[in-house]
Amino acid sequence: MGGLTVTGTGDPFAFDLITMGRIGVDLYPLTTGVPLAEAETFGKFLGGSPANVAVAAARLGRRVAVITRTGADPFGTYLRSELRGFGVDDRWATEVAGLPTPITFCEIFPPDHFPLYFYRLPKAPDLEIAPDEVDLEAVRAARVFWMTGTGLSEEPSRAATFAALEARATAGTTVFDLDWRPTLWREKPGPYYERALASATVAVGNAEECEIAMGESEPYEAARALLAAGVELAVVKRGPEGVLAVHRDGTVAQVPPVPVRVVNGLGAGDAFGGALCHGLLAGWELGRVVRYANAAGAIVASRLACSTAMPFPREVEEVLGRAGGV
């Protein structure tokens, strides 16, 4: 997997990881198996996939920042405070006057039913990231850059995301989280996904997301299509069937799931993403990277929240030890 060894940039102040895109407040019922109409108590957590990936990587000891925007309101203040508390640099988490910080509600019906309700109207502040507001020098210097499909759903975020991708060029590792959220799109994503894949080195998505991006949902066919689109590493998350990762050099890692009692599966993919970046930064071989990321995701699936549930290295290592793999 030599093509994805993440090298240093020569800048001692460069971030290990910069993520870009969605942020919001997650409000989860504190009792599982209860519909929202009947829920009476809720927990408040930092949410949004890129923000959670940043938290996950910071928990694993990485120097991380997130490029995003919030409302100029108390929830925005809360999110920036949470980012700092988790060790994520919030210098590029700026306010947008006149737009409320998004809220997301979830119903929790383990093991596999977790409906999401996004409140991002009239428009989410994180879609107001403009190209001239992105620190392209910092993006270029980061060892890993993580962007998402949702960031391509509207302007000016779309133009800002492509500007960041162009600034990256061949610098370091660029991860495209396919992150398909159909309720957040007003047009077909295909052309934008195709353009982003041509600039990324890693693509990560589940079967549904791969079908939206490439028209393929069968894991091996989806991986081959993603590689043909331009990435060096295709990672297909298969839920209860584990994870498939295929590298352009022919290396394949197929990792079974880690058995856990699922409480809330929503944050598992973000924990997986942060741990995936951690493993790539460490220069591990592909199988070890995917096993580690899979274990991190399983830990979060066994917990209620997303951001606060992200595991520390010792927790991931304990799970790997029990599973007989490192």
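Trainee: Which residues does proline 100 touch, not counting residues up to four places away in sequence?

Mentor: Proline 100 touches Gly71, Asp73, Leu121, Pro122 and Pro125, where contact means heavy atoms within 4.5 Å. This is a predicted model, in which local features need pLDDT of at least 70, side-chain atom pairs count only at pLDDT 80 or more, and totals for chains, interfaces and linings use all residues. Residues are numbered from 1 along each chain as its sequence is written, and side-chain values use heavy atoms, with hydrogens and water left out.

Trainee: Why is proline 100 called partly exposed?

Mentor: Its relative accessible area is 38%. Buried means under 20%, exposed over 50%, and partly exposed in between (1.4 Å probe, protein chains only); proline 100 is therefore partly exposed.

Trainee: What makes histidine 278 buried or exposed?

Mentor: Histidine 278 has a relative accessible area of 11%, and is therefore buried. Leaving aside its neighbours within four places in sequence, histidine 278 is in contact with Leu60, Arg62, Trp284 and Tyr292.

Trainee: Where is histidine 278 placed?

Mentor: Histidine 278 is in helix H8, residues 268-282. Helices (H or I, at least four residues) and strands (E, at least two) are DSSP runs, numbered from the N terminus.

Trainee: Which residues of helix H6 are buried?

Mentor: In H6, residues 207-214, the buried residues are Glu209, Cys210 and Ala213. Seen down the axis of H6, they fall within an arc of 100 degrees, so they line one face of the helix; the arc is that of the directions from the helix axis to the C-beta atoms.
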